[in-house]
Amino acid sequence: MFFANTIVVASHRRSGMRWTIDALRNNSPDINDSYMSLEQMGADHDGAIPLSKFRRQLLNMDGRVLINVHDLPAADSWKGLDERLFARAVLQHSPTIYAHRDGRDVMVSLYYYMQSFSESVRNQSFAQFLRGEAALDGEESALSRPGYWAFHVESWLKRDNLLTISYSDLEANYESTVRKLAAFLEVSLNDDLRPLTMPGPPEDEPILGALLEKLGLRRRRGGYPDQARVGKSGDWRKLFDRRDREFFMQEAGEMMRQLGYQR
């Protein structure tokens, strides 16, 4: 059964998922070059593929296969029953890496990211964006964006067979973090660890990305990130004013303290 070969990499959006994936696939010969996204089974996903093709692709991939997911661990967002049950099975039977990041930096990164495709966000100040409701399963969730971030982290931390790492771990303690990942997953590492690189995308990157999406695959090791901007830990200080900080801590302060992020 292919669940013996799957590894789930989960995170809230803009929290270091790509770095986590590349840290593993670039440094362990036991992990397949390509990776898959569990959300691709959703009909509204840009690179949607049917469940039958997703399963077939997974069965044909050698080694340990990374499957990323931004959804909540309950996997309720899939409309189809078969897709929902399959997603839950993958999440239940796979060891999971959960990457988290200072929620304030997540808000800043999400703000810039959403401006790249949302006219409404482009017309919002950061203060307005921060206080907006988070979209959950295509509908308003009644949670603020910081509130949903805290809920997302809390939901995943309740899972068994899970290792958490932080964005700042990958920034400041890369080698020890890679070795921690490998030990948890029981995979071997190359003699020389390959550092993370964040070059800008080449001119043909959108075409290549679209082609791989149609095949149900992601970029191979050494691939380029989806966007040029790469945030640094502490970037939130450039946008948050006092009222933003107070609002954020009101909505997500408990989780921030639990994760060890300083006020």
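Student: Which residue in β3 is the bridge partner of Y35?
Tutor: A word on the basis: this is a predicted model, where local features need pLDDT of at least 70, side-chain atom pairs count only at pLDDT 80 or more, and totals for chains, interfaces and linings use all residues. Residues are numbered from 1 along each chain as its sequence is written, and side-chain values use heavy atoms, leaving out hydrogens and water. Strands (E, at least two) and helices (H or I, at least four residues) are DSSP runs numbered from the N terminus. In β3, Y35 has as its bridge partner L66.

Student: How many bridges join β2 to β3?
Tutor: Two strands pair if DSSP finds at least two bridges between them. β2 and β3 run parallel. The number of bridges joining them is four.

Student: In what order do the five strands of the open sheet lie?
Tutor: The pairing in this sheet is parallel. Its edge strands, each pairing on one side only, are β2 (31–37) and β7 (162–166). The order is β2-β3-β1-β4-β7.

Student: What angle does the direction of α1 make with that of β2?
Tutor: α1 packs on the sheet, touching β1, β2, β3, β4 and β7 (contact means heavy atoms within 4.5 Å). Axes are lines fitted to C-alpha atoms, for helices over the stretch in contact, and angles run from 0 to 180 degrees between N-to-C directions. For α1 and β2 the angle is about 155°.

Student: Why is α1 largely enclosed by the rest of the structure?
Tutor: Buried means under 20% relative accessible area, with exposed over 50% and partly exposed in between (1.4 Å probe, protein chains only). Among the buried residues of α1 are W19, D22 and R25. Helix α1 (residues 17–25) is largely enclosed because of its count of buried residues, nine of the nine.
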